[in-house]
Amino acid sequence: MSSTPRYAHGATRPFGDVVGAPFDDAAAVILPAPLERTTSYVQGTRQGPAAILQASAQLELWDEELGVEVHSRGLCTLPEMALPFDALADALAEIQRVADGVVRANKFLVTLGGEHSITPPLVAATAAHHDGLCVLQIDAHADLRDEYLGDRNSHACAIRRALDYAPCTQVGIRSLSTEEAGVVESLPTTIFYDTKMRAHSTWMHDVVETLHEKVYITIDCDGLDPAVMPAVGTPEPGGLGWRELLALLRLTFQKREVVGCDVVELCPVPGLVHPNFLCAKLVYKLLTYRLAGG
Ligand SMILES: [Mn+2]
């Protein structure tokens, strides 16, 4: 009997437009989780997973950087979660339940958001099966508020909640509130601010040095420079370049065991396809770095 997690779902569109492995045979699993409940500026991240999967049909599956093609090494795309819940907490609990089923089956889970509030349940599910887990967050925003607009599960609180399960290293940060700045020192997190992090040429190694052996990576698209990644709900000037992000990710996969990832907060702009394609390529890079062994 298949151990595929069961849940209410919509369409299934396989990553790369190529039917991959059945769940039980898969090494890596893609979970589309189009949650959008607490976005605070531009709306539309619920369209993110579908846009990434649609764009992924245009990907070349050969990776010229590593000289491999990993799509055939056991990739399963699950159907898009429907998340028919009135309460945000119930939707997050369902994401955690489904993620637990994937991580328990020893699959490399890549979740497509959706807003950043999906990350705490994903980290919780991953930490339950991987002792000593830590989180690497790529983001413009610290997301360390204890609550935002009365909601402790808001996207603006994502990393604060995730810290309940694992310590964090935050990279590319260039936006935080006065309240957050006041509590940073007391929290189990290390911040590499965008304005200062490149001061030493070894900075990427310095980032990786802060990470435990097992790492969960959460990538908020707005961590990238909005000049290359404009389709986000809360854009911030500055940020990582595309090659810079890939170099940091590759180094992390080379030096640590990355056990799960998410790519969140893509907010597609009608007629502007390059951000969607960037996210599809980013997801495939994560899969390539993992499945090809760095
Ligand atoms: Mn952000």
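## The nonpolar core

The largest nonpolar core holds 89 residues, and among these Leu31, Ala166, Cys279 and Val283 touch the most other members. Helix H8 (residues 274-291) supplies the largest share of this core, with 10 residues. The model described here is a predicted one. As a general background, nonpolar side chains in soluble globular proteins tend to be buried together.

## Overall form

The protein contains eight helices and eight strands, and its C-alpha atoms fill a box of roughly 50 × 45 × 45 Å when this is taken along the principal axes. The radius of gyration is 17 Å, which agrees with the value near 19 Å that a compact globule of 294 residues would have.

Of the 294 residues, 51% count as buried. Among contacts with a separation of 6 or more, 76% are accounted for by residues 24 or more positions apart.

Helix H8 has 18 residues and reaches 25 Å from its first C-alpha to its last, close to the 26 Å expected at 1.5 Å a residue. The helix is mostly covered, since 15 of its 18 residues are buried. Glycine 293, which follows H8, has a positive phi near 70°.

Helix H1 (residues 48-56) packs with H8 at an angle of about 80°, and the two axes lie 8 Å apart. H1 is therefore roughly perpendicular to H8, because angles from 65 to 115 degrees count as such. On the H1 side the residues that meet H8 are Ala51, Ile52, Gln54, Ala55 and Ser56, and their counterparts in H8 are Asn276, Phe277, Cys279, Ala280 and Val283.

## Helix H2

Helix H2 (residues 88-104) is 17 residues in length and reaches 24 Å from its first C-alpha to its last, close to the 24 Å expected at 1.5 Å a residue. Its buried residues are Ala91, Leu92, Glu94, Ile95, Val98, Ala99, Gly101, Val102 and Val103. An α-helix has 3.6 residues a turn, so residues three or four places apart point the same way. The elements that cover the buried residues of H2 include S1, S3, H3 and strand S8 (257-264).

After H2 comes asparagine 106, whose phi is positive, near 65°.

Glycine 113 and glycine 114 are joined by a cis peptide bond, with omega about 10°. Glycine 114 is placed in the loop between strand S3 (108-113) and helix H3 (119-127).

Two aspartates have positive phi although neither is a glycine: the value is near 60° for aspartate 17 and about 55° for aspartate 143. Aspartate 17 belongs to the segment before strand S1 (28-33), and with 13 C-beta neighbours inside 10 Å this residue counts as partly exposed. Aspartate 143, by contrast, lies in the loop between strand S4 (133-138) and helix H4 (158-162), and is buried, with 29 other C-beta atoms within 10 Å.

## Two loop residues

Aspartate 146 is also placed in the loop between S4 and H4, but this residue counts as exposed because it has 12 C-beta neighbours inside 10 Å. Aspartate 146 and isoleucine 159 stand 13 residues apart in sequence, while their C-alpha atoms are 9.5 Å apart in space. Leaving aside neighbours within four places in sequence, the contacts of aspartate 146 are with Arg152, Cys157 and Arg160.

Methionine 197 is found in the loop between strand S6 (189-193) and helix H6 (203-209), where it is partly exposed, with 18 other C-beta atoms within 10 Å. Its C-alpha atom is separated by 7.8 Å from that of glycine 172, although the two residues are 25 apart along the chain. Beyond its neighbours within four places in sequence, methionine 197 is in contact with Val171, Phe192 and Trp203.

Notes. Residues numbered from 1 in each chain as written. Helix = DSSP H or I, 4+ residues; strand = E, 2+ residues; numbered from the N terminus. Buried ≥ 20, exposed ≤ 12 C-beta atoms within 10 Å, placed from the backbone. Rg over C-alpha atoms; globule rule 2.2 N^0.38 Å. Contact = placed C-beta atoms within 7 Å. Expected span 1.5 Å × (residues − 1). Core = buried A, V, L, I, M, F, W, Y, C linked by C-beta atoms within 7 Å. Axes fitted to C-alpha atoms, helices over the stretch in contact; angles between N-to-C directions. Parallel < 35°, antiparallel > 145°, perpendicular 65-115°, else oblique.
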